[in-house]
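Please keep the sequence and the 3D view open as you read.

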Amino acid sequence: MGKDLYKKKKCPRCKGSMYIETPKCPHCGLVFEKIQNLSNAQAKNELKEKKYKNVLYVCTMPKDISKKKFWLLFAFLGWFGAHNIYVGNFKKGYYGLITGLLAVFSFAVFELVTFLGGNGNAVLYYFTNPIFTFFVFAVLIWFSDLIGLMFRKYRYPASLTKEDYEKVINEKIRGY
């Protein structure tokens with residue numbers, strides 16, 4: 001037991017470091033015993049119902065997210081925000097979808113112009129074309145998620161399951 005007192009763990013919300021026996025994060029105030037069964041599916045439902053204060057954004061992937069599906073969406077449809085929509089980061093995902101579609105549209109317009117005999121310099125055309133900026137935004141969103149995933153700072157929405165949430169409410173009513 002003496003050696004266990006000096007082992008450290010990280011908070012799933014803020015990634016702050018503390019001793020294993022610490023019941024509450026000293027950095028952000030998260031109570032660890034209440035977050036053992038976090039659910040991403042429940043968090044997505046609460047985000048759709050606009051119950052934002054019930055959702056916790058954690059840096060560790062909740063158990064009900066398929067890692068394989070998440071990484072496939074990130075790798076192949078990441079510029080379109082598919083991985084963000086899958087985990088419930090809806091605003092970021094829809095913004096990625098819109099910018100990704102506009103980027104594809106800008107490339108289609110460029111190819112059509114060059115196919116029809118456009119004589120402009122391609123580099124100059126890309127930088128002067130205002131639609132091309134959407135491609136830059138789509139890449140920046142995807143790249144920021146890549147950096148977040150590499151450094152374990154990407155945040156997944158998670159929430160208590162209904163059963164655990166009812167237990168917390170009952171504990172508050174009883175006063176302990």
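## Overall layout

The protein chain has seven helices and five strands, where helices (H or I, at least four residues) and strands (E, at least two) are DSSP runs numbered from the N terminus. Along the sequence, the pattern reads β-β-β-α-β-α-α-α-α-α-β-α.

This is a predicted model, in which local features need pLDDT of at least 70 and side-chain atom pairs count only at pLDDT 80 or more, while totals for chains, interfaces and linings use all residues. Residues are numbered from 1 along each chain as its sequence is written, and side-chain values use heavy atoms, with hydrogens and water left out.

Of the 176 residues of the protein chain, 34% count as buried (buried means under 20% relative accessible area, exposed over 50%, partly exposed in between, with a 1.4 Å probe and protein chains only). The accessible surface of the chain is about 11,800 Å², and 64% of it belongs to carbon and sulfur atoms; such areas come from the Shrake-Rupley method with a 1.4 Å probe, and for residues only the protein chains shown count as cover.

Three strands make an open sheet in the order 3-5-4, with antiparallel pairing. Its edge strands, strand 3 (38–39) and strand 4 (56–58), each pair on one side only. Two strands pair if DSSP finds at least two bridges between them, and strand 3 joins strand 5 (residues 156–160) in the antiparallel sense over two bridges. Leu38 has Leu160 of strand 5 as its bridge partner.

## Helix 1 and its ends

At the start of helix 1, a side-chain oxygen of Ser39 comes to within 3.4 Å of the backbone nitrogen of Ala41. Buried residues in helix 1 (residues 40–48) include Asn40, Ala43 and Leu47. Just after this helix, Lys50 has a positive phi of about 65°.

Leaving aside neighbours within four places in sequence, His83 is in contact (heavy atoms within 4.5 Å) with Phe70, Leu73, Phe74, Gly78, Trp142, Asp145 and Tyr154.

Phe137 is placed in helix 6. With a relative accessible area of 38%, Phe137 is partly exposed.

Definitions and conventions: A polar contact is a pair of N or O atoms within 3.5 Å; within protein, one must be able to donate a hydrogen and the other to accept it, and residues adjacent in sequence count only if both atoms are side-chain atoms.
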